[in-house]
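User: I have a structure to go through with you. Could we start with its surface and then work inwards?
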Amino acid sequence: MPRRTATLLASTLTLIALLCIALLAPAPYSEMSPGPTVNTLGSYDGEMVIQIGGHKTYATSGHLNMTTVRVTGADYSMNLVESLLGWARRDDKVVEHDTLYPKGQTAQEADQQNAEEFSQSQDSAKYAALTSLKIPVPSRVIVAAVVSGGASEGELHAGDVIKAVDGTEITKADQVAGLVTKHKPGEKVVFTIIPAADAKKKLDTTQKVTITTRASDDGGPSRAVVGIQAGVEHLYPFTIDIKLADVGGPSAGMMFALGIIDKLTPDDLTGGKFVAGTGTIDDNGKVGPIGGISLKTIGARDKGAQFFLTPADNCEEAAKSIPSGLTLVKVKTLDDALAALKDIKSGNDAALPSCKS
């Protein structure tokens, strides 16, 4: 083979190899697309999404769908070809990986965080729903987490009920830090607790645990800490279980709360209408913003939704591209959502607070 031809062939093969590597190598992007939308009043994978025991429930109709976003490339498995195809799809979004997953956070760590947020959103949804229905829900302060390597490791455990600190009765979670920081680092603080194992058995056996405080390492003024996070455990008067595998994050909170209320009241909330929505919820019923709002509205409309309950803080973004035939309804609280459902059920669409306004 002539030298000129061989050189040209080698160059061509090298170029092809480099192009293949460039196109198939992992790219620093993730693709977001409309994910599954599930009726909180119905079933998913053969199980009812909301299961209530120990309290009378009522038949429901219509839909109260929670919505999700599917993410591809959480583990950098996308290549440049897939990224380019994602950019070409109208209903998908390709974004820089680090905008979804902070640097240093693995996909497994993100999944764990999403699972914890999902669990917390369920608890807040239950509490907000029962509070809305004027059903009393007792609560108690617990050790929510113990810092690894902290002063309390091995002494206090997640789930321990905190009855008192230095003899002062504890009724609110923020009391704990206030009483601990009255000490100087190195001083001892006495916790009166019900151990987690006994608390689960509904035993009221208390014991005292003495912790030697340490200096905080947060860079601020030195203060005493014991290395725990105090939280609140709600003691529900009957069982409410939410069964929804492979879903994470806090964004379904509002729709879970509405589903619980619908099942616990004889007045059908939707009147057979197809309502979807999204939004976090806290114990006080405040609805918070979420990510991927435009993709969630697309997913809801593709499933047949007529109305979409939209967190007020997401309205401006959502209104930029409203899917045909879908009405966006602005909500700030659980009470707003319930009021909107009354208008939807009665056909009074003109009274709905729109994201356009």
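Predicted model: local features only at pLDDT ≥ 70, side-chain atom pairs only at ≥ 80, totals over all residues.

User: Noted. What percentage of the residues count as buried?

Analyst: The protein has 357 residues, of which 41% count as buried.

User: And how many helices and strands are there?

Analyst: The protein contains ten helices and 20 strands.

User: What about contacts between residues at least 6 apart in sequence: what percentage join residues at least 24 apart?

Analyst: Among those contacts, 73% join residues at least 24 apart.

User: Let us go to helix H7. Which residues does it cover, and how far does it reach from its first C-alpha to its last?

Analyst: Helix H7 covers residues 253–264. With twelve residues, H7 reaches 17 Å from its first C-alpha to its last, close to the 16 Å expected at 1.5 Å a residue.

User: Are the residues of H7 buried or exposed?

Analyst: Twelve of the twelve residues of H7 are buried, so the helix is largely enclosed by the rest of the structure. The buried residues include Asp262 and Lys263, and also Met254, Met255 and Phe256.

User: Phenylalanine 256 interests me. How many aromatic pairs does the structure hold?

Analyst: The structure holds one aromatic pair. It is formed by phenylalanine 118 and phenylalanine 256, in an edge-to-face arrangement with 5.8 Å centre to centre and 70° between the planes.

User: Why does 70° between the planes count as edge-to-face?

Analyst: Planes over 60 degrees apart count as edge-to-face, and the planes of phenylalanine 118 and phenylalanine 256 are 70° apart.

User: Which parts of the chain does the pair tie together?

Analyst: Phenylalanine 118 lies in helix H4 (residues 107–132) and phenylalanine 256 in H7, so the pair ties together parts that are 138 residues apart in sequence.

User: Which side chains meet in a salt bridge at 2.7 Å, N to O?

Analyst: Those of lysine 345 and aspartate 267. Lysine 345 lies in helix H10 (residues 334–346) and aspartate 267 in the loop between H7 and strand S16 (274–277), so the pair ties together parts that are 78 residues apart in sequence. Lysine 345 is partly exposed at 36% relative accessibility, and aspartate 267 is partly exposed at 46%.

User: Back to S14 for a moment. What does glutamine 229 touch, leaving out residues up to four places away in sequence?

Analyst: Glutamine 229, which is found in strand S14, touches Ile142, Val143, Ala144 and Ala145. The C-alpha atoms of glutamine 229 and valine 147 are separated by 7.9 Å, although these residues are 82 apart along the chain.

User: Last topic, strand S10. Is it mostly covered or exposed?

Analyst: Strand S10 (residues 188–194) is mostly covered, with five of its seven residues buried.

User: Which strands does S10 pair with?

Analyst: S10 pairs in the antiparallel sense with strand S8 (residues 161–165), over four bridges. S10 also pairs in the antiparallel sense with strand S11 (residues 207–212), over six bridges. As examples of bridge partners, alanine 164 has threonine 192 in S10, and lysine 188 has threonine 212 in S11.

User: What surrounds threonine 192?

Analyst: Not counting residues up to four places away in sequence, threonine 192 touches Val161, Ile162, Lys163, Ala164, Thr206, Gln207 and Lys208. Threonine 192 counts as buried, at 14% relative accessibility.

Methods
Residues numbered from 1 in each chain as written. Heavy atoms only, no water. Phe/Tyr/Trp six-rings, centres within 6.5 Å; stacked < 30°, edge-to-face > 60°. Helix = DSSP H or I, 4+ residues; strand = E, 2+ residues; numbered from the N terminus. Buried < 20%, exposed > 50% of the residue type's maximum accessible area, 1.4 Å probe, protein only. Pairing = 2+ DSSP bridges. Contact = heavy atoms within 4.5 Å. Expected span 1.5 Å × (residues − 1). Salt bridge = Lys/Arg side-chain N within 4 Å of Asp/Glu carboxyl O.
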